[in-house]
Amino acid sequence: MPNFLNVVGLLRPEQSGEVLLLYGALPMFVTVPLSIFLLRHVDPRGVLIIGLTAFAIANLLGTQLTHDWRLGDFVPIVILQSVGQAFTLLPIIIIAVANADFTRATAFAAYIQLMRLGGAEIGVALMGTWLRVREQIHSNYLGQHIADGSANVVQILKQLGNTFASYGPGAAPGRALGTLAALVQREANVLAYIDGFWLTFWLAIIALGFVALMTRAPPGPFTPAPFGAARGLMRRVGLSRP
């Protein structure tokens, strides 16, 4: 979201940061304790499903992106991503710990740090490369339609030329062409960010598929103890032991 608002919306980071603070960071003061509470009473796989589903829905909403989107349009996505972060990272760690061989605790601790630090770096590198490549591809495709000199292109250039007529007959065509090129680049960036949302959506769906293949962790200190009505429900769906 910040990158889109910076590149397409032309907003400064401090302008987009307000939404991330109010709807992304602050809700975690509620969602993280709730995630911990659920992990104590519910199978971590169920909590992880909630987190990955929130990520999938957020990214699916992001595929409706247009160049008109501004801060308010991203609020539902930011809230869902906040829920996804709170309900995804902790269950993954609990699942890993519950299935770990404690005779290799030192190596396991290193793996946890690798997941925590390396995962973020890999994600940033992957998304940065994906957006750059997709922007170039879409820019090329859009540029091919501009280069063919269709009637629509000629009409747009004429309208832009009339807009810049006050700059003089010599400067107006150049300014019109530069404006059209900027519009093409803007739309190429929008399409690239849409592709980014689709990529993360399908990654969340694939992750949900992996969760569906997970078996119960062996009994141990991290085994959840369902409470009240949740006990019968979790037994019924097979996510809890009797």
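A residue counts as buried when its relative accessible area is under 20%, as exposed when it is over 50%, and as partly exposed in between. The exercises below use this scale on a predicted model.

**Exercise 1.** Classify arginine 45 as buried or exposed, and find which residue forms a salt bridge with arginine 45.

*Solution.*
- Step 1. The relative accessible area of arginine 45 is 9%. The cut-off for buried is under 20%, so arginine 45 is buried.
- Step 2. The partner in the salt bridge is aspartate 43, and the closest N and O atoms of the two residues are 3.0 Å apart.
- Step 3. Aspartate 43 has 9% relative accessibility and therefore counts as buried.

**Exercise 2.** Determine how many salt bridges a search of the whole structure finds, and describe the one between aspartate 195 and arginine 134.

*Solution.*
- Step 1. The search of the whole structure gives four salt bridges. Side chains of opposite charge can pair when their charged atoms come close.
- Step 2. In one of them, the side chains of aspartate 195 and arginine 134 meet at 2.8 Å, N to O.
- Step 3. This pair links distant parts of the chain: aspartate 195 lies in helix H9 (residues 172-213) and arginine 134 in helix H7 (residues 105-147), 61 residues apart.
- Step 4. Aspartate 195 is at 14% relative accessibility, so aspartate 195 counts as buried. Arginine 134, with a relative accessible area of 22%, is partly exposed.

**Exercise 3.** Find which residue forms a salt bridge with arginine 186, and classify arginine 186 by its relative accessibility.

*Solution.*
- Step 1. Arginine 186 forms a salt bridge with glutamate 187, and their closest N and O atoms are 2.8 Å apart.
- Step 2. Arginine 186 counts as partly exposed because its relative accessibility is 27%.
- Step 3. Glutamate 187, at 25% relative accessibility, also counts as partly exposed.

**Exercise 4.** Identify which residues form the nonpolar patch on the surface, and state which helix supplies the largest share.

*Solution.*
- Step 1. The patch is formed by Leu21, Leu22, Tyr23, Leu26, Phe29, Val30 and Ile79, which together have about 660 Å² of accessible area.
- Step 2. Helix H2 (13-25) and helix H3 (28-41) each contribute at least two residues to the patch.
- Step 3. The largest share, three residues, comes from H2.
- Step 4. Tyrosine 23 is placed in helix H2. Its relative accessible area is 33%, so tyrosine 23 is partly exposed. Membership of a patch requires over 30% relative accessible area and no salt bridge.

Definitions and conventions: Residues are numbered from 1 along each chain as its sequence is written. This is a predicted model: local features need pLDDT of at least 70, side-chain atom pairs count only at pLDDT 80 or more; totals for chains, interfaces and linings use all residues. Side-chain values use heavy atoms; hydrogens and water are left out. Patches are made of residues with over 30% relative accessible area and no salt bridge: like charges are joined within 9 Å, nonpolar side chains (Val, Leu, Ile, Met, Phe, Trp, Tyr) within 5 Å. Accessible areas come from the Shrake-Rupley method with a 1.4 Å probe; for residues, only the protein chains shown count as cover. Helices (H or I, at least four residues) and strands (E, at least two) are DSSP runs, numbered from the N terminus. Buried means under 20% relative accessible area, exposed over 50%, partly exposed in between (1.4 Å probe, protein chains only).
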